Amino acid sequence: MVISTLSRLRRLCLIAMAILTLAGAGAIGQARAQDVQDTLKLFSGSYDDIQKGIEALAVSGQPTAIEILQALTDNRLLAGADGSLVYKDAAGALHDAATGTVVAAEPAGAKPVRANNRIRRAVEAALGQLTLVSPDPAKRLEAALSVFKSKDQTALPLIETALARETDAKVKTALERAKAALVLYGPGEEPAKLAAVEVIAAQGDQDALAMLAATPSPSPALAAAIKDASDAIEGRLALWSGVQSFYYGISLGSVLLLAAIGLAITFGVMGVINMAHGEMVMIGAYTTFVVQDIIRNSAPWLFDYSLAIALPLAFLVSGAVGILIERVIIRFLYGRPLETLLATFGLSLVLQQAVRSLFGPTNREVGNPAWMSGAFDLGGLTLTYNRMWIIVFSIVVLFVLMVVLRRTAFGLQMRAVTQNRRMAGSMGIRTNWVDMLTFGLGSGIAGIAGVALSQIDNVSPNLGQGYIIDSFMVVVFGGVGNLWGTLVGAMTLGITNKLLEPVAGAVLGKIFVLVALVLFIQRKPRGLFPQKGRAVER
Amino acid sequence: MQIGDTSAPKPILYVDGVTVTFDGFRALNDLSLVIAPGEMRAIIGPNGAGKTTMMDVITGKTRPDVGTVAFNGDVDLTKLDEAAIAQLGIGRKFQKPTVFESHTVRDNLQLALAGLRKPFTVLFAKETAKERQRIDELLELTKLTESHGRLAGDLSHGQKQWLEIGMLLAQEPALLLVDEPVAGMTDAETAETAELLVEINKTRSVVVVEHDMTFVKALGVKVTVLHEGSVLAEGPLDQVQANERVIEVYLGR
Amino acid sequence: MIMKRLFGSDAMALWFLACLLVVTVLVGVLNLATPADSALHVPTYLVALLGKYLCYAILALSIDLVWGYVGILSLGHGAFFALGGYAMGMYLMRQIGPRGVYGDPVLPDFMVFLNWKELPWYWLGFDNFLFAMVMVALVPGILAFVFGYLAFRSRVTGVYLSIITQAMTYALLLAFFRNDMGFGGNNGLTDFKDLLGFNLQTDGMRVALFAASALALALCYLLCLWITRSRFGKVLIAVRDAESRTRFMGYRVEGYKLAAFTLSAVMAGVAGALYVPQVGIINPGEFAPQNSIEAVVWVAVGGRGTLVGAAVGAIVVNFGKTVFTGVLPELWLFALGGLFVFVTLLMPKGIVGTVPQLLDMMRSRKAQNAGETAKPEAPRPAAE
């Protein structure tokens, strides 16, 4: 109660202030008392009349103008048979349109004032003018933009008034642009219009481009200026869209990197073709789903930490499944890569079906925690937080893995076993265990990738399938047994794909990349960063 | 070297200034080697001296970064692939016996016989009486007549080594490269293999890479010592064995 | 005489061909000559189903030729099958003529729907049956030749080759999904009416297509048998067992691989062409990588490197699929996946390689006589 009264009071103050400033500027001094009734009468007439009424209201300084206009768009404005006008407020109470005082009953024969799209546009423009002087900078900005769009010439004096007293830099720029738009589209002189072109060109976006292109009957000099400005804007936009594509490419590359990095271990280091690798990713994503499901039901305050909880769990679950696969199937097939390929493909079918039976065939809902959702602007770019965190995450995973391989005892044993199994065995390394743990590590990393992918992709039983071919391509392209190669491979594929997309379309772009890759592998069968020497020549 | 001497016979194999690097590692470093027609040469050297890489270069598997490899004086081997070099008459025996395990001994030899190599002619090929006779001879020579119908995969290790040598002979090469032919053989088999190679050398040039010094001694031929990708010493075995550098890097310890 | 040389001592080939002949005649006669309510009647849907199996058997045979005998594991043979199918589908589309929904005398319905004004150049000539049949062989053949030439020349082998063949079929899958490719996009080609003027829906035509598939299977089988028994085939096996040995012997391995791969692709194309009129549709789904891998498993189940095994495997697995998907659809993927694992782990020789062994073991146990097994074994696939 208290709050609503207060806000009502504040609103009244705002309107009063608006009237005072407008009156002080002398823009609407004469449109007063007796005209108000005439203006309001217009709302009982045709659409044309209503539009005239709206335009008159916008410059009338009528204290209830905003209420009336808003009521009109929401169908809360009622016109009586005698031409009297009342509006309902949000709480349902009736007010007299002229005075704003509460009235008891609707006038006889009251009907809602109709609004079509034209009326709505007119209301929007009028509201834009009325809020130009709102004390809330966000409102003023919105109003300035609205004028910029509507190019309503009657708003020019208002804009100038508002501009004179504007203090907020952002709003000021917007007002200047709105003014430039009005000048450009108005009856003014050429020098003023040329200056206006410059102001609009500085804005440099699609709106500015459209505005310049639609300039009514430009003189030759003006047309030339417009062309120059448009070219400049287009160049700038092309640059930004190139940068944006590049960023999307890095984003796709990081996703590919995540999916392929576990494969770089199982395929690149061990030489095992695990066609069920995609399903390890899927299991990681479903682990995230289960974790979030439990949190939602029993501890909702933990939701923002759900990914942090899911990460180690996904690593363990996928890693455990990987170890199981290695013990039960793959270890019997070492040295027979083609058979391994077939057996693990069969396994991928079984895992998909198992997940489908457990969780159903449809997509499961995995939510973004607050810090993963939303976006921010950087220059002409829009960056979403989830994509950005995934880029960071993939790089972190890569470097942690490098440290594990190069600096730990396990990494040393792993490299020893893959380089010379017999020698490693005779030096006391339990090669069996190393195989098992290495495969577990690769699978566990796939699980981690699943946690990340659950944030940007549909969590369904087919999740893994979408990545398996691409992941193999990344590893093969980058060169086997080289994590740097995997990074370069993933980024190259991702960026090429996204740069081609605006030119060739998504599908054709992807086809080009695949064909280029097939040709590339034929030129350099061992990838970008091959291991050389005798060891691989067998 | 002797290449400028017009009175000397054209060398069957002429290797000069060959260098091969793998990721900065010099597997062969300015290697030079000349084999005369009809000569048998033993090549020894510690692990990593470049023996296998040398074989790879001669048979076209690896391309040298720089250097000349010529066959019969004027055929440039660095431009040819393995199949072309084999067809010229250079046979190679691998360190690990490599035979076609799911073919019979006889089929192994038949496939090796010099002559048909083009897919289409091979598709319509029938075994001629001459071929049959040559196969029988080779079975005799390699003591495999009894086993001619067995699958090569079922042979003993020594038998596989011999079958592979038989297959090489079937190719009728002018030059035979043999990589560690007696590795894993019994003493008796080793002696027999030495005899076989001496017998083969009567009609062809042979280059043998071997670690086994008794075997090299039994061959009784000129020895080349490789070290770090180039020739360290060359000469009769006893002379090489007396060489101080050789003792230092290889023989002595 | 010729027959005797062809088969040598191998009774399996004769058995296979005899069974094929008997089944074909029996199915044909029982479908056409018995009344529909007779207990012996073979319903027409079954004829079409069996015809489909036979087409799969040809596909499996073509995979066995390259995988079983040359060691090339192609995960993209489904692409050749689908291309052959599309070539046939294009002929069948042109045969529809003005009977389509939109009644355009030349343009297939989907082109009218896309507002196309004239036939794209690559559709020209497909109204001619002979031209279409040449394309059935030529298109997959040329693709395999170019692809194989590049791959084998640069010595892409083993798993790498498998992965890029998979990428090839994946790229084609994406391409054929596009409407502007001019092959009907997502929906593919369907609503066929007749072939060579005969209505596709009649029992007689169904039986004729079934018989044609059986004949094609027999001919492909004989061709493969002849090739693998020739010295050329021995070189193929040599390449599989020891590629570099073959090379150092003076054989240009690329040429042999390329010849086998191209021929195999043509066979797959023929299989696809026979498949399409019997199932009545061809769509981009046929390019899906999973189809190609499944076909490889048929070969593994039947027995790699035995030819007969490939055909047997294709028929057995697909029969299983029909039964399973009818009765317990949700279990089919478990069964198929389990089969992959089971066969590779426990039955590497497949049905054809394992069953005779078991029989021999039982026989010798029964006779209490551990005599040597007289029968020569089929060539064993070597460990990679």
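Trainee: How far apart do the end C-alpha atoms of residues 388–412 of chain A lie, and how much of the span is helix and how much strand?

Mentor: This is a predicted model. In it, the end C-alpha atoms of residues 388–412 of chain A lie 33 Å apart. The span is 96% helix and 0% strand. UniProt, in an unreviewed entry, lists 388–412 of chain A under "transmembrane region". That record also gives residues 246–273, 280–299, 305–325, 337–355, 433–456, 468–491 and 503–521 of chain A.

Take another listed span for reference. Residues 246–273 of chain A have their end C-alpha atoms 31 Å apart.

Now test a helix of chain A against simple geometry. Helix α20 of chain A covers residues 483–504, which is 22 residues. After α20(A) comes A:G505, with a positive phi near 90°.

Next, what chain A touches. The contact between chains C and A takes 39 residues from chain C and 35 residues from chain A. On the chain C side, α6 (129–153), α7 (158–177), α12 (289–302) and α14 (332–346) each supply at least two residues. The largest share is that of α7(C), with 14 residues. By type, the chain C side that touches chain A has 28 nonpolar, seven polar and four charged residues.

Chain C also meets chain B. That contact takes 22 residues from chain C and 20 residues from chain B. On the chain B side, the elements giving two or more residues are α2 (82–88), α3 (105–112) and α4 (119–123). The largest share, four residues, belongs to α2(B). The chain B side that touches chain C divides into nine nonpolar, six polar and five charged residues.

Finish with chain B itself. Chain B has ten helices and ten strands. Its C-alpha atoms fill a box of roughly 55 × 40 × 40 Å along the principal axes. For 253 residues, a compact globule would have a radius of gyration near 18 Å; chain B has 19 Å, so the two agree. Of its 253 residues, 45% count as buried. Among contacts in chain B with a separation of 6 or more, 66% join residues 24 or more positions apart.

Conventions
Residues are numbered from 1 along each chain as its sequence is written. Chains are lettered from A and ligands numbered from 1 in the order in which they are written. This is a predicted model: local features need pLDDT of at least 70, side-chain atom pairs count only at pLDDT 80 or more; totals for chains, interfaces and linings use all residues. Two residues are in contact if their C-beta atoms, placed from the backbone, lie within 7 Å. Ala, Val, Leu, Ile, Met, Phe, Trp, Tyr, Cys and Pro count as nonpolar, Asp, Glu, Lys and Arg as charged, and the others, Gly among them, as polar. The radius of gyration is taken over C-alpha atoms; the globule rule is 2.2 Å times the number of residues to the power 0.38. A residue is buried if 20 or more other C-beta atoms lie within 10 Å of its own, exposed if 12 or fewer, and partly exposed in between; C-beta atoms are placed from the backbone. The expected span of a helix is 1.5 Å times one less than its number of residues. UniProt positions are given in the numbering used here, feature names are shortened, and annotations may be inferred rather than shown by experiment.
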